[in-house]
Amino acid sequence: MNHYSILRIAAKLLIPYILLYGLYVQFHGDFGPGGGFQAGVIFASGIILYGLVFGPEAARRVAPAGIVDRLIAVGVLVYAGTGVAGMLKGGQFLDYNVLAHDSTHGQHLGILLVELGVGITVSAVMVTIFFAFAARERTE
Amino acid sequence: MTTMLGLYNYWIVIFLMMTGFYVVIAQGNLVKKVIGLNLFQISVFLLYLTMGKVDGGTTPIQPDKSFFSGDPGNPIYSHPLPSVLILTAIVVGVATTALALALIVRIHEAYGTIEEDEILVQDRES
Amino acid sequence: MTEPIATRLIVILLLALLGWTEVTIARMRQLWAAVMLTGIFSFLGAGWMLILDAPDVAFTEAAVGAGIATFLMLATLGLTTREAKSPTAFKPLPLVVVIATGIVLVYGTLDMPHYGDRQAHIHTYPEPSYITKSNAEIQLPNIVTAILASYRGYDTLGETTVILTAGVGVILLLRNERRKPRDGVDPTAESTT
């Protein structure tokens with residue numbers, strides 16, 4: 001894609017805003033439309049755009065396989081870990097009321113952590129799927 | 001006439017669902033089948049969401065009292081539960097679609113074709 | 001029917017375009033074009049979702065359906081083939097099955113509550129509603145997030161696990177990195193393709 005300079009420059013301009021928007025959707029999801037599922041997809045689409053325009057090898061340097069593969073599991077662990085933290089604090093699994101000094105703050109904290117876990121898993125899976133398809137070679 | 005106006009959303013969605021279903025069962029190309037499943041899936045999403053809509057309702061997001069100082073009145077909210085169900089279903093749907101497409105890529109590597117009947121012929125010959 | 005006329009016109013236009021796009025996809029053999037039209041179908045669906053008061057779902061659908069899913073299908077076409085084989089003969093059986101199923105479903109809708117009916121079961125049950133409950137217990141503006149992460153936390157944990165499983169499945173199917181031989185013996189030497 002070295003010849004498509006308009007594409008390359010437009011992508012370079014857009015990618016930071018896509019990533020920033022992904023983070024906004026992630027952490028503002030409690031107040032406006034958004035949440036972990038959407039944020040994960042949007043964040044991953046920023047990296048996928050980079051990979052499409054500059055080649056999978058360049059994108060692999062941004063998102064190395066060793067890290068992204070582990071992040072898939074880390075997200076689910078953050079989610080389940082929030083549930084277990086509630087158990088350790090004396091509540092039930094995924095009971096956020098006991099996480100903070102009062103139940104409303106506990107709910108807010110729990111929802112934030114759970115959405116973070118979802119966002120990590122979704123974006124890592126999407127990036128992994130992209131690399132899996134991009135690295136495959138056509139066979140006849 | 002009232003029945004038609006009241007139920008048209010379901011009928012449109014059923015038409016969309018059935019067209020997707022037709023693509024799944026009538027086409028022999030595996031990618032086309034996955035496209036059909038996707039169309040079917042989006043139609044089912046729409047079916048759920050039309051059930052959650054209420055007359056004169058608004059988005060189930062409330063103005064935060066610390067940011068919004070005016071009087072919100074007493075708005076009616078559309079039901080939030082269909083949104084929750086469908087939100088997760090969309091992302092799970094694309095993950096499973098990716099799995100199906102990965103299988104298609106492997107089938108193409110093994111058989112050299114993604115047409116259902118040609119694959120069956122090769123299976124019978126071997 | 002308290003929607004303004006403009007909204008109703010937009011809905012009719014969107015629905016007409018949805019139906020037209022889908023019928024075009026069903027008749028098409030050029031897979032590239034069919035995939036692009038699927039993306040357009042997703043976008044139109046997202047438009048209607050916005051009118052149905054579900055902005056969360058609408059922009060998930062726009063990002064996933066029109067973005068990631070379209071890309072994945074194009075990548076698959078790049079790895080396989082671009083055109084579907086033309087059908088040998090028209091088979092009436094699928095059409096009969098589809099029309100019969102459609103008639104049964106339409107018959108089923110005759111008992112359904114009307115569009116936007118405030119007295120429908122979904123809007124009167126459970127009581128107190130999620131909106132009232134989450135106002136008292138969670139106090140988040142976005143009720144969808146509150147239900148997703150708190151009231152239906154187990155469900156969402158399960159969905160996240162499904163996504164994890166699908167990601168692992170794609171890795172297993174498509175990634176062909178051979179393991180480094182241990183003690184001079186390659187454990188995958190015979191099984192890899």
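Predicted model: local features only at pLDDT ≥ 70, side-chain atom pairs only at ≥ 80, totals over all residues.
1. Ground rules. Residues count from 1 along each chain as its sequence is written, and chains are lettered from A, with ligands numbered from 1, in the order in which they are written.

2. Chain B, secondary structure. You'll find four helices and zero strands here, in the order α-α-α-α along the sequence. Helices are DSSP runs of H or I with at least four residues, strands are runs of E with at least two, and both are numbered from the N terminus.

3. Chain B, overall form. The radius of gyration (over C-alpha atoms) is 22 Å, well over the 14 Å from the globule rule for 126 residues, so chain B is more spread out than a compact globule. That rule is 2.2 Å times the number of residues to the power 0.38. Along the principal axes, the C-alpha atoms of chain B fill a box of roughly 75 × 45 × 15 Å.

4. Of its 126 residues, 55% count as buried; the cut-offs are under 20% relative accessible area for buried, over 50% for exposed and partly exposed in between, with a 1.4 Å probe and protein chains only. Taking contacts (heavy atoms within 4.5 Å) in chain B with a separation of 6 or more, 52% are between residues 24 or more positions apart. The accessible surface of chain B is about 5,300 Å², with 63% belonging to carbon and sulfur atoms. Areas are Shrake-Rupley values with a 1.4 Å probe, and for residues only the protein chains shown count as cover.

5. Chain C has eight helices and zero strands, and its elements run α-α-α-α-α-α-α-α from the N terminus. Buried residues make up 43% of its 193 residues. Of the chain C contacts between residues at least 6 apart in sequence, 51% join residues at least 24 apart. Chain C exposes about 10,400 Å², and carbon and sulfur supply 65% of that.

6. Chain C, domains. The assignment gives domain 1 (1-84) and domain 2 (125-177); such bounds come from an automatic or database domain assignment. The centres of these two chain C domains are 24 Å apart, taken over C-alpha atoms.

7. The nonpolar patch. Helix α4 (residues 92-109) of chain C gives the most, with three residues. V96(C) sits in that helix and is exposed, at 52% relative accessible area.

8. Two backbone angles to look at. Most residues other than glycine have a negative phi. L94(A), not a glycine, has a positive phi of about 60 degrees; L94(A) lies in the loop between α4 (65-88) and α5 (103-135) of chain A and is buried at 8% relative accessibility. Q139(C), also not a glycine, has a positive phi of about 60 degrees. Q139(C) is in the loop between α6 (130-137) and α7 (143-151) of chain C, and is partly exposed at 44%.

Key: Heavy atoms only, no water.
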